[in-house]
Amino acid sequence: MKKADSTALFSARMLEKLPLPVRNSLDRYGEWLGLAREVETVAVAKSLAPSSLRGLILRRGKQGVPTEFQASHRASIDWSCPSDQPEMAELYARAKRGQWDGDSLPWHTSVDLDDPNLHLLPIDGLDIGVLERNGVKLNAKEIQKLTQSMAAWMLSQFLHGEQGALMAAAQVTECVPFFDGKLYGATQVVDEGRHVEVFRRYLDEKLEKTYQINDNLFVIIDALMRDARWDMKFLGMQIMVEGLALGAFSIMYKMTAEPLLKTLLKYVIQDEARHVHYGVVALREHIKELSERERREREQWTFEVALLMRNRFMAYEVYEEWFEGRMPRAAWREMIESSPAMREFRQVMFSRLMPNLREIGLMSPKVTADYDRVGLLKYASGASASQLTGEAMVAALEQSPRWSASAA
Ligand SMILES: [Fe+2]
Ligand SMILES: [Fe+2]
């Protein structure tokens, strides 16, 4: 894997002479070229390239029009309605018992954005020094507002991911080859609808702000919605997006001091733990039956997507709102990369993902060495989704101290 350098074609001195908007455009195109360079497997490139063009160059997620997909997966109905997958049947039973109503959250809680004691995220989580070195000085009030913008940005990406999950859950319910999986899938569709409902309501009513979908998240969702292979949909949504989201929800739960958000995340985490478990059960046996070439393609796709999610989730939408025209896009990226809270997010996300890749058989010695090289292997030894209930996850989170930059 080669490191993407978005400005490799231009020297630093050349770049400095260019007007800021031109430098930022070059930076964005460089990112796309970097993605093309990062993806080394032809089959993986074929599956990601059209979506990258739509997401990163055409920016289809930001044009204010619905994204239409030509779905092409094979759906199935088994008229004998067999009991064919006991672990999925058990998940279905658990999901029915675990249903909750988004209206029952404590929406009366006041979230006063002007209160200096409101900490949606820790106030010392961003590396403000990088902004200062680039000529941008913020006072305490502005730092709090910027932190609120970062929280709104993350919750907006959760919202967009949830809408992707809603559509993907409907697709995988059609194409999963187990009847018990279809019953379980029906509960996941309801769960994802409820998650869209509560994140949208929190953003609308409490933060009064929603950011557009991040271009890289668009790429992943676009790719898996169009992929005809059912197991790629499971891998993309149930394992990758949901696994990483579960980690992100957990760290936000640990970081936030806002009680309504904490309650909302607690409920969502319990549902998401079931969703990832379902993905693990569906893929565990299936991957054993694939040819080595097919297994290898999925393993490599997973590795590339993991890197995309880790390296490219840079909150540029917040940069565009706050700093476009004031400092280069590359300086913002440096700030995000060196901010302790953002580093923690990127790292913890993988502790919920890597054990599942091990359990479904996508951690051969070759890719294990690749994960080790990029520093992610240390997360592979934890409990997988099939060994961990949502309730146990929340209990463990409640016992751990609230995150702070100084302790990180
Ligand atoms: Fe969800
Ligand atoms: Fe989910």
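**A walk through a helical chain**

Leaving aside its neighbours within four places in sequence, R60 touches R54, G55, T67 and F218; two residues are in contact if their C-beta atoms, placed from the backbone, lie within 7 Å. R60 sits in the loop between α3 and α4. With 19 other C-beta atoms within 10 Å, R60 is partly exposed. On this scale a residue is buried if 20 or more other C-beta atoms lie within 10 Å of its own, exposed if 12 or fewer, and partly exposed in between, with C-beta atoms placed from the backbone. R60 and V219 are 159 residues apart in sequence, and their C-alpha atoms are 9.6 Å apart in space.

Before going further, a word on what you are looking at. This is a predicted model, in which local features need pLDDT of at least 70 and side-chain atom pairs count only at pLDDT 80 or more, while totals for chains, interfaces and linings use all residues. Residues are numbered from 1 along each chain as its sequence is written, and chains are lettered from A and ligands numbered from 1 in the order in which they are written.

Now step back to the whole chain. Its secondary structure comes to 17 helices and zero strands; helices (H or I, at least four residues) and strands (E, at least two) are DSSP runs, numbered from the N terminus. Of the 408 residues in the chain, 42% are buried. Among contacts with a separation of 6 or more, 82% are between residues 24 or more positions apart.

How confident is the prediction? The mean pLDDT of the chain is 87, and 90% of its residues reach 70 or more; pLDDT is the predictor's confidence in each residue, from 0 to 100. Over residues 1-7 pLDDT stays under 50, and the model has 18 contacts beyond four places in sequence for them. Where pLDDT is low, the predicted coordinates should not be read in detail.

Which helix holds L265? L265 lies in helix α10 (residues 259-288). L265 is buried, because 27 other C-beta atoms lie within 10 Å. Not counting residues up to four places away in sequence, L265 touches F249, M252 and Y253. L265 and K254 are 11 residues apart in sequence and 10.0 Å apart in space, C-alpha to C-alpha.

Two other helices meet α10. The axes of α7 and α10 come within 10 Å and cross at roughly 150 degrees; axes are lines fitted to C-alpha atoms, for helices over the stretch in contact, and angles run from 0 to 180 degrees between N-to-C directions. That makes α7 roughly antiparallel to α10, since angles over 145 degrees count as roughly antiparallel, under 35 as roughly parallel, 65 to 115 as roughly perpendicular and the rest as oblique. G181, Y184, Q188, D191, H195, V198 and Y202 of α7 meet L261, L264, V268, D271, H275, Y278 and A282 of α10. These residues divide into eight nonpolar, four polar and two charged; Ala, Val, Leu, Ile, Met, Phe, Trp, Tyr, Cys and Pro count as nonpolar, Asp, Glu, Lys and Arg as charged, and the others, Gly among them, as polar.

Helix α4 (residues 86-97) is the other partner: its axis comes within 10 Å of that of α10, and the two cross at roughly 170 degrees. So α4 is roughly antiparallel to α10. The contact brings E87, M88, L91, R94 and A95 of α4 to R274, H277, Y278 and V281 of α10. Here the division is five nonpolar, one polar and three charged.

A further pair is helix α8 (residues 215-226) and helix α9 (residues 230-255), which pack at an angle of about 145 degrees with their axes 8 Å apart. I220, A223 and L224 of α8 make the contact with M232, K233, G236, M237 and V241 of α9. Those residues divide into six nonpolar, one polar and one charged.

Finally, look at two loop residues. Most residues other than glycine have a negative phi. R59, however, has a positive phi near 50 degrees; R59 is in the loop between α3 (42-57) and α4. With 14 C-beta neighbours inside 10 Å, R59 counts as partly exposed. E208 also has a positive phi, of about 50 degrees, although it is not a glycine. E208 belongs to the loop between α7 (179-207) and α8. Is E208 buried or exposed? E208 is exposed, because 10 other C-beta atoms lie within 10 Å.
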